[in-house]
Amino acid sequence: MAQHWQELIPIDRYLVTSNGLLHEYDRKVLTFLYQPLIGSTCLSVYMTLWAELEENKLWSESSTHHLLMNLLSVNLKDIYEARLKLEGIGLLKTYVKSDESGRSFIYELTPPLNPEQFFLDGMLNIYLYRKIGKNHFSRLKRFFSTPKKPLDEDYLEVTREFQDVFASATPGSLQYMQEHAEDLEAESDQEFIGRMDQKPIQIDTRTFDFDLLMAGLNESLVPQKALTKKVKEVISNLAFLYGISPIEMKNFVLGAINEKDEIDIEDLRKGARDWYQFENYDQLPSLINRTQPAVHQVQLTEPKTQEEKLIRYYETTPPIVIFKELSGGVEPSAANLKILEEIMIKYKLPPGVVNVLIEVVLRKTDMKFTKGFVESIASHWARLKIKSVKEAMEAARKEERSFQESKKTGKSTKKPIRTEVLPDWFDDSGKTSDKSNTKASDKADTKDQNTELEAKKRAIEEKLKAFRK
């Protein structure tokens, strides 16, 4: 993953444009529905870009990112991190051009979903529900909706149609149209200011193995034509949202087939949601970063040593991949995934720090990932406010050194047997430093012994000299 200084520097220029007019109502949608998911910094970046745009409708004046840093009072890392989140959630599109004069960006603001689209999205509404809870979620639904009030049956509609009110085809109108046809057509180099309906978040359907899904479905029960484009899009979103494999998805598809041999999308969503809540004690998934946020990355230069390479790897790799690789390619169980999700949400540990925790736990407990041991480390690191991979590695080394010291100073005369296998990087500063300290101590003892012998030798020589006299 590229670092922010490779993608963005303060002197880079940018223009702001908009994919359609932004309305005042959008501010409420962004503040109450999007801000809980992306954070206040992202909202500030969006609002600031919007403010620059308001002066000239659809295009702003050219500015530098240094000005944006001053306007927001944040560093370039925060701006870059916010930009990525805005892109991911569908509120921003970024274009870049590099030439001899430097690098320039175009930030195209995308209007948010309207409240109806958001609350029926199937992904964003789930994440929001988990983030703010049932009561506040219901309150927001009431805020963005109004009770339906049916018309009294005693009222009869008397609205006239267009043709009932207006007439057309006056004499000479056809000739008039022909003479002024060019004036009536739209200019080729202009576009009307307006706004199109926004598209909801859609996970790329290529990320899901539909061939494996179809292999598990009986053609006689689920015909190929039932997997329409819309159904595939919903399946891809559900697989991402709940972490459902193609084999598991088969059961939900079979449960959503109706009498017309079609897949009922609402039944499909409900089946996946009910399964996830049953497996996770009535909880819903949360929106978290896939990898270590740029603001907490410490390995910004090209890694040279083995430890620097390991830090970069931990910072740019999702925890589930680390878990799988350390487990020899074995997929983590549902219980393991639940533990991982809980420590990232409950203790607010960044993904890179969780990667270090995974290796420490698996190495020290003979590849067991027990909840109690994991939470004891996670809560400790949370109290220490550990946010970077390097800090997590140092904390693990310090804990191991304390453990070794306590064993050495223990009352038991029986030599303890160490059964756990520690990560290699423990040796870099842990065991290596212990060895160096031991060697230094041995050298000091040897030097003291030699000094004592020399003193005794000189004393004996002095006695011999006196005796000879």
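Which residues does Leu120 touch, not counting residues up to four places away in sequence? They are Asn125 and Arg269, where a touch, or contact, means heavy atoms within 4.5 Å.

Before we go on, a word on what you're looking at. This is a predicted model, in which local features need pLDDT of at least 70 and side-chain atom pairs count only at pLDDT 80 or more, while totals for chains, interfaces and linings use all residues. Residues are numbered from 1 along each chain as its sequence is written, and side-chain values use heavy atoms, with hydrogens and water left out.

**The whole protein**

The protein has 21 helices and four strands. Helices (H or I, at least four residues) and strands (E, at least two) are DSSP runs, numbered from the N terminus. Of its 469 residues, 36% count as buried. Buried means under 20% relative accessible area, exposed means over 50%, and partly exposed is in between (1.4 Å probe, protein chains only). The protein exposes about 30,300 Å², and carbon and sulfur atoms supply 53% of that; such areas come from the Shrake-Rupley method with a 1.4 Å probe, and for residues only the protein chains shown count as cover. Now take the contacts between residues at least 6 apart in sequence: 72% of them join residues at least 24 apart.

| Helix | Residues | Length | Span | Expected span |
|---|---|---|---|---|
| H3 | 40-54 | 15 residues | 21 Å | 21 Å |
| H5 | 76-88 | 13 residues | 18 Å | 18 Å |

How do H3 and H5 sit relative to each other? Their axes come within 9 Å and cross at roughly 85 degrees. That makes H3 roughly perpendicular to H5. The axes are lines fitted to C-alpha atoms, for helices over the stretch in contact, and angles run from 0 to 180 degrees between N-to-C directions. Under 35 degrees counts as roughly parallel, over 145 as roughly antiparallel, 65 to 115 as roughly perpendicular and the rest as oblique.

Where they meet, H3 brings Thr41, Cys42, Val45 and Tyr46, and H5 brings Asp78, Ala82, Lys85 and Leu86. Some of these names come back when you ask what is buried. In H3 the buried residues include Cys42, Val45, Tyr46 and Trp50. In H5 they include Ala82 and Leu86, along with Ile79 and Tyr80. H5 is part of what covers the buried residues of H3, and so are strand E1 (13-18), helix H2 (24-38), strand E2 (63-64), helix H4 (65-72) and strand E4 (102-109).

Both ends of H5 are worth a glance. At its start, a side-chain oxygen of Asn75 reaches to within 3.1 Å of the backbone nitrogen of Lys77. That's a polar contact, meaning a pair of N or O atoms within 3.5 Å; within protein, one must be able to donate a hydrogen and the other to accept it, and residues adjacent in sequence count only if both atoms are side-chain atoms. After H5 comes Gly90, with a positive phi near 90 degrees.

**Two loop residues with a positive phi**

Most residues other than glycine have a negative phi. Ser73, in the loop between H4 and H5, has a positive one, near 55 degrees. Ser73 is exposed, at a relative accessible area of 65%. Lys385 sits in the loop between H19 and helix H20 (389-408), and its phi is positive too, near 60 degrees. Lys385 is exposed, at 66%.

**A few more residues**

The side chain of Ser379 reaches the backbone oxygen of Ser376 at 3.1 Å.

Back to Leu120, which lies in the loop between helix H6 (115-119) and H7. Leu120 counts as exposed, at 60% relative accessibility.

Lys141, in helix H7 (residues 124-143), counts as partly exposed at 42% relative accessibility. Its C-alpha atom and that of Glu116, 25 residues apart along the chain, are separated by 9.2 Å.

Finally, Ile265 lies in helix H14 (residues 265-279). Leaving out residues up to four places away in sequence, Ile265 touches Lys230, Val231 and Val234.

Methods: Expected span 1.5 Å × (residues − 1).
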